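Please consult the sequence and the 3D structure shown below.

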Amino acid sequence: MPSSVRMVSPNVLEGTRDAEHEVTVGGLAELLGVDPSVASRMVTDTIKAGYLFRAPSQHDGRRTVLHLGPAGGALMAHVRRRRRAAFERIAADWDERERPKPARLVLKCVASLGRLHVGRQFGV
């Protein structure tokens, strides 16, 4: 597996989870804050590794969009389990009432980042 896939697959794959909007290489570049050529190489490596696949846009047949493949879904499930296990170890000695607070804040941050990306994409 290329080192670029090992290092960025979770970020690339997470960026393709937006069910409301079609995800393109350009959109992914913006989401990750990298140059489109960098995102293109990352996507190509991730496709070669079997985690993503390209498909024609349902809205514009001239565009190509990215979809998570079965192996990508399995990898993301693995990454989420590992992240959850890490959080459980970190928060093991926290008071039960404190444990949900960081998770809620992280989810709020992720949602805000998604809105920021969508806003930029649609000129908002």
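Arg 97 is exposed, at a relative accessible area of 67% (buried means under 20% relative accessible area, exposed over 50%, partly exposed in between, with a 1.4 Å probe and protein chains only). Its salt-bridge partner is Asp 95, with the closest N and O atoms 3.2 Å apart; Asp 95 is partly exposed at 33%. This is a predicted model, in which local features need pLDDT of at least 70 and side-chain atom pairs count only at pLDDT 80 or more, while totals for chains, interfaces and linings use all residues. Residues are numbered from 1 along each chain as its sequence is written, and side-chain values use heavy atoms, leaving out hydrogens and water.

**Salt bridges**
- The count comes to six salt bridges, each being a side-chain nitrogen of Lys or Arg within 4 Å of a carboxyl oxygen of Asp or Glu.
- Glu 88 and Arg 99 form a salt bridge of 2.7 Å, N to O.
- Glu 88 belongs to helix α4 (residues 70–90) and Arg 99 to the loop between α4 and α5 (100–121), so this pair ties together parts eleven residues apart in sequence; helices are DSSP runs (H or I, at least four residues), numbered from the N terminus.
- Arg 99 is buried at 16% relative accessibility, whereas Glu 88 is partly exposed at 31%.
- Arg 62 and Asp 60 meet in a salt bridge of 3.0 Å, N to O, and Arg 62 is exposed at 75%.

**Aromatic pair**
- The structure holds one aromatic pair, for which ring centres of Phe, Tyr or Trp (its six-membered ring) must lie within 6.5 Å; planes under 30 degrees apart count as stacked, over 60 as edge-to-face and the rest as tilted.
- Phe 87 and Trp 94 are edge-to-face, 5.8 Å centre to centre with 90° between the planes.

Key:
Helix = DSSP H or I, 4+ residues; strand = E, 2+ residues; numbered from the N terminus.
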